[in-house]
Amino acid sequence: MATIRKLPSGKWNAQIRIKGHPTQTKTFFTIEEAEKWSSDCEEKFKKSESTIKALSPVYLEEVLTKNGKPRGGYDSIRNRLVNLDRFFGSTPLEKMTSENVATYKIERLKQAANGTVRLELQLLSRFLRWAASEKGVACHDVVKPVRLPEAGKPRDKMQYQMILERVETCRSKLSGGLQGMSEAKAIIILAWETAMRRGEILALTPAMIDFRQRVIHLSEHQTKNAEARDVPLSSAALDLLKSLCEGKEEERYRHTKLFTLRPYSVSQAFRRACRESRIEGVCFHSLRHTCITRYAEKGLNTIQLQCISGHKDITMLA
């Protein structure tokens, strides 16, 4: 944990590297001073290493990072961990109680919606179980006895055509000019037709599309749950992708992304279109929900829906 070395000047430099913490370094005149400082720092780290703040970077790296790349949901979970840390602060995980969690729920519900608090508590439950099983922290799932807030009600079907028309007509209000406008509309159509997530659509390249089999091949690096899947294409989605790939048949274009918009720009364009259309209570992800519902109404069973949507948990799909 601590590294002590003698410098050319005759002084002693001590360095402490702990995963999830910035490197600590200091120079002393004697080795005894360096050893004492290192020992004090290590003891301080040991007292704080079982907190949410100390273990969050490790959790994000081990659970939500694959092959050096963040998985889907990384930013959302990181933000939830920040909210949890703000409340629990320096409280060690092993000293958390169900009473603490119940208090957090009450206070947090004053600031956020039921669904948000529910997701944060579910994350805390997973975090505690991970710390106990993977890091040897003497804690247990104190969230389990606490009743979670009710999940939000499913949204009604969207007035899709009105949104598309609004996206097309309010181009002057959207960033990116005409090109950005066309991209936003194409992304919305693909989300509606395929139930793909925003990040999955933005990662699309011509090489991922099989026009003969009418599917998009998503690799494990491009999905939220790190599992590869094939997305079936409707006629509308197929025609749109053919037009987007037109002129990009050469090998040098095969792995070039079809879209240049950033995730935030897509969401902003969609929100603005909804606001201009006086449509409330929806977000870009609602397109995915609505598409899955349409597939269900056409008679697809749960297993088929799960293959299309990529949901790992059948409860989440329901």
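User: What is the order of the strands in the open sheet of three strands, and what is their pairing?

Analyst: The order is β6-β7-β8, and the pairing is antiparallel. Strands are DSSP runs of E with at least two residues, helices are runs of H or I with at least four residues, and both are numbered from the N terminus. This is a predicted model, in which local features need pLDDT of at least 70 and side-chain atom pairs count only at pLDDT 80 or more, while totals for chains, interfaces and linings use all residues. Residues are numbered from 1 along each chain as its sequence is written, and side-chain values use heavy atoms, without hydrogens and water.

User: What makes β6 and β8 stand at the edges?

Analyst: β6 (209-210) and β8 (229-232) each have a single partner strand, so one side of each has no neighbour in the sheet.

User: How do you know that β7 and β8 pair?

Analyst: Two strands pair if DSSP finds at least two bridges between them. Four bridges join β7 (residues 215-218) to β8, and the two run antiparallel. Leucine 218 stands opposite arginine 229 in β8.

User: Why is the pair of phenylalanine 87 and tyrosine 104 called edge-to-face?

Analyst: A search of the whole structure finds eight aromatic pairs. Rings of Phe, Tyr and Trp (its six-membered ring) pair if their centres lie within 6.5 Å; planes under 30 degrees apart count as stacked, over 60 as edge-to-face and the rest as tilted. The ring centres of phenylalanine 87 and tyrosine 104 are 5.1 Å apart and the planes stand at 70°, so this pair is edge-to-face. The pair links distant parts of the chain, with phenylalanine 87 in helix α3 (residues 74-88) and tyrosine 104 in helix α4 (residues 98-108), 17 residues apart.

User: What makes the pair of phenylalanine 88 and tyrosine 104 stacked?

Analyst: The planes of phenylalanine 88 and tyrosine 104 have 25° between them, with 5.6 Å centre to centre, and the pair is stacked. Phenylalanine 88 lies in helix α3 and tyrosine 104 in helix α4, so the pair ties together parts 16 residues apart in sequence.

User: Does phenylalanine 87 count as buried, partly exposed or exposed, and why?

Analyst: Buried means under 20% relative accessible area, exposed over 50%, and partly exposed in between (1.4 Å probe, protein chains only). Phenylalanine 87 has 35% relative accessibility, so it counts as partly exposed. Tyrosine 104, at 2%, counts as buried, and so does phenylalanine 88, at 5%.

User: Why is alanine 184 called buried?

Analyst: Alanine 184 has 4% relative accessibility and therefore counts as buried. Its place is in helix α7 (residues 177-194).
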